[in-house]
Amino acid sequence: MKWKTSVNRVVIIGTGAVGCSYAYSMINQGVAEELVLIDVNESKAEGEAMDLGHGMPFAPSPVKVWNGDYSDCKLADLIVITAGLPQKPGETRLDLIEKNKAIFKEMIKNIMDSGFDGIILVATNPVDILTYITWKESGLPKERVIGSGTVLDSARLRYQLGQYLNIDTRNVHAAIIGEHGDTELPVWSHASIGIVPLQSWLEKHQEYEIADLDNIFENVRDAAYKIIERKGATYYGIGMSLVRITKAILNNENSILTVSCLLEGQYGQNNVYMGVPALVNRNGVREIVEIDLQKEEWDKFNHSAEVLRSLLK
């Protein structure tokens, strides 16, 4: 893979709430020099580009932002896909498969016809399934097609634990793996507060109950449903999560993030995209990080994989 420009160009396909939250966060954090907005509603994309551009005097670094078309993908380092039909109240992420599959096939064809040769990051739900479809349709190497996976879920878990324990969420280390959806699971066996294992922390601080962890996880798993019920959609959290992944890619960080990537024997699974810890850098997924799971965690992970695989069939 060759990087074709001296500046980092990121193309955002989809200027709905998620795409625009991502673009806004990108500009405020000064992550890329060029942002291209693409949407079937060209007028909407143009308006968003204008609005974002007007805030540039207050940005930490210059960013060129414009509404473009698929020809702009050729010189892109990263394409972030947020387009697709949104999740409605009462729908699961998996209900969206049939709705978004056809949209994605046409979109990926347009991307690849441009001569694009970078990394694609998928955020549209159901993200694991649509990332798999993107990989198949694009013909790109597996390490260069990534889903947002359970990065947001893991952030939600860290936030909820931090609130419960009254600890800075940045010092809470915990992860959700598996499907980004109803079969995801927390890896309690590897959670820690700073460098102290979570189990040891709870044993030392008797005012907290291990039993409360189940409620914390349920709140994390069902967070999207609760937010959608109250405000119609979720977008700030996923927007910032996408920026975190983008920084790991463009800055060649070799950061460990629970992105959705193709499993080829890791964790005993094959031919399925799932959220697992992975080293992410300028080339995409450098490697998948395998961790030892407890039996209950293995059972839940295998169940999550089977649900996703049955849908792929």
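Predicted model: local features only at pLDDT ≥ 70, side-chain atom pairs only at ≥ 80, totals over all residues.
**Entry 1: strand β2**

I began with β2, which covers residues 34–38. Are its residues buried or exposed? Five of the five are buried, so the rest of the structure largely encloses this strand. I then sorted the side chains by face. In a regular strand, side chains alternate between the two faces of the sheet. On one side of β2 I found Glu-34, Val-36 and Ile-38, and on the other Leu-35 and Leu-37; all are buried, and both faces are covered.

**Entry 2: the partners of β2**

Next I looked up which strands pair with β2. Strands of a sheet pair through backbone hydrogen bonds, in either a parallel or an antiparallel way. Strand β1 (residues 9–13) pairs with β2 in the parallel sense, over five bridges. In this pairing I noted Ile-12 opposite Leu-37 of β2. To get from β1 to β2 the chain passes through helix α1 (residues 17–29), and this β-α-β crossover is right-handed.

Strand β3 (residues 64–67) also pairs with β2 in the parallel sense, over four bridges. Here Glu-34 stands opposite Lys-64 of β3. Together, β2, helix α2 (residues 42–53) and β3 form a right-handed β-α-β unit.

**Entry 3: a sheet of three strands**

I moved on to an open sheet with the strand order β7-β10-β11 and antiparallel pairing. Which strands are at its edges? They are β7 (172–173) and β11 (196–197), and each pairs on one side only. Strand β10 (residues 192–193) is joined to β11 by two bridges. I found Ser-192 opposite Pro-197 in β11.

**Entry 4: aromatic rings**

How many aromatic pairs does a search of the whole structure find? I got seven. A pair of aromatic rings is described by the distance of the centres and the angle of the planes. For Tyr-267 and Phe-301, the centres are 5.2 Å apart and the planes are at 40°, so I wrote this pair down as tilted. It links distant parts of the chain, 34 residues apart: Tyr-267 is in the loop between β13 (260–264) and β14 (270–275), while Phe-301 is in helix α10 (residues 295–312). Both Tyr-267 and Phe-301 are buried.

I also found a cluster in which ring pairs link Tyr-132, Trp-135 and Tyr-273.

Terms used:
Residues numbered from 1 in each chain as written. Heavy atoms only, no water. Pairing = 2+ DSSP bridges. Buried < 20%, exposed > 50% of the residue type's maximum accessible area, 1.4 Å probe, protein only. Right-handed = clockwise from strand over helix to strand, strands pointing away. Phe/Tyr/Trp six-rings, centres within 6.5 Å; stacked < 30°, edge-to-face > 60°.
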